[in-house]
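Please open the structure in your viewer and keep the selection tool at hand. The tour moves from one selection to the next and says what is there.

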Amino acid sequence: MNYSEYDKVDEASTSRSISMLPKCNGHRLHESNDSSPSMFIHERFRIISTLGKDNYGTQVFSEKKILQMAQFPFIVDFYGSFKSNSNLFLMLEFVQGGDLFTHLRNMNRFSENVAKFFAIQIVLALEYLHKLDIIYRDLKPKNILLDQHGYCKLADFGMSKQLNNQRTYTICGTWEYIAPEIIKKQGYGTSIDWWMFGILLYDLCNGRTPSKQHR
């Protein structure tokens, strides 16, 4: 596929329109029902568009950089990007099995063996990211997709960051999974991902997080 002609297109041609998007293997991309960010889906990949300006723009370009670095079986594949005057389009693997959150809610809870099956894949993905000095920071069932064979794909790297051997102080994440180090504002590293993993494992086995369990 050649996306060079779409590397720079004007704003009008990309604003909620699929007419200027490239054909892939002879098939036109079609727009999903998701309203934000804009998303276009093909049989093998999806394209999301996000505002490429201000602080959120910096976050998007950081996400692109991390996706380019992270090539691993249990992480969603990054195929490329193109842009308009104010949007950056990320072309990502289309993982057709849905997210783990939906499957968990349908099942209420997973058996120990099923939870172990998912857990080991997530452990391997996190270990891989940490070797690259990347902190994920938003581990939760909604950010874990399942492929057609039922294997995990870690997705949504919008809160991820490459640490460069430094601590970070940003307060971010999903509150039910957030680690104490983040709230204390004393700086933290990749270890907070393992706190979130513990909460996730509890959720998979019990159908709810510890905070909901004790309300």
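The stops below visit a cavity, several salt bridges and a pocket.

This is a predicted model, in which local features need pLDDT of at least 70 and side-chain atom pairs count only at pLDDT 80 or more, while totals for chains, interfaces and linings use all residues. Residues are numbered from 1 along each chain as its sequence is written, and side-chain values use heavy atoms, with hydrogens and water left out.

**The cavity**

Begin by selecting Phe74, Gln121, Ile122, Ala125, Ile144, Cys152, Lys153 and Leu154, which line the largest cavity. A cavity here is a set of points on a 1 Å grid over the protein atoms alone where a 1.4 Å probe fits but cannot get out, and lining residues have an atom within 4 Å of a point. The search of the whole structure finds 1 cavity of 30 Å³ or more, and the space in the largest cavity is about 30 Å³, a volume being the space filled by probe spheres set on the points, which are joined across faces, edges and corners. Colour helix H4 (112–131) and strand E11 (152–154) next, since each supplies at least two residues of this lining; helices (H or I, at least four residues) and strands (E, at least two) are DSSP runs, numbered from the N terminus.

**The salt bridges**

Glu93 belongs to strand E8 (residues 87–93) and Lys153 to strand E11, 60 residues apart. Glu93 and Lys153 are both buried, where buried means under 20% relative accessible area, exposed over 50%, and partly exposed in between (1.4 Å probe, protein chains only).

Now select Asp203 and Arg105, a salt bridge with its closest N and O atoms 3.8 Å apart. Asp203 lies in helix H6 (residues 191–206) and Arg105 in helix H3 (residues 100–107), so this pair ties together parts 98 residues apart in sequence. Asp203 is buried, with a relative accessible area of 1%, whereas Arg105 is partly exposed at 33%.

**The pocket**

Finally, select Gln59, Ser62, Arg137, Gly158, Met159, Ser160, Lys161, Thr170 and Cys172, which line the second largest pocket. A pocket is an open set of points with protein on both sides within 12 Å along at least five of seven lines, and this one has a volume of about 180 Å³.

Conventions. A salt bridge is a side-chain nitrogen of Lys or Arg within 4 Å of a carboxyl oxygen of Asp or Glu.
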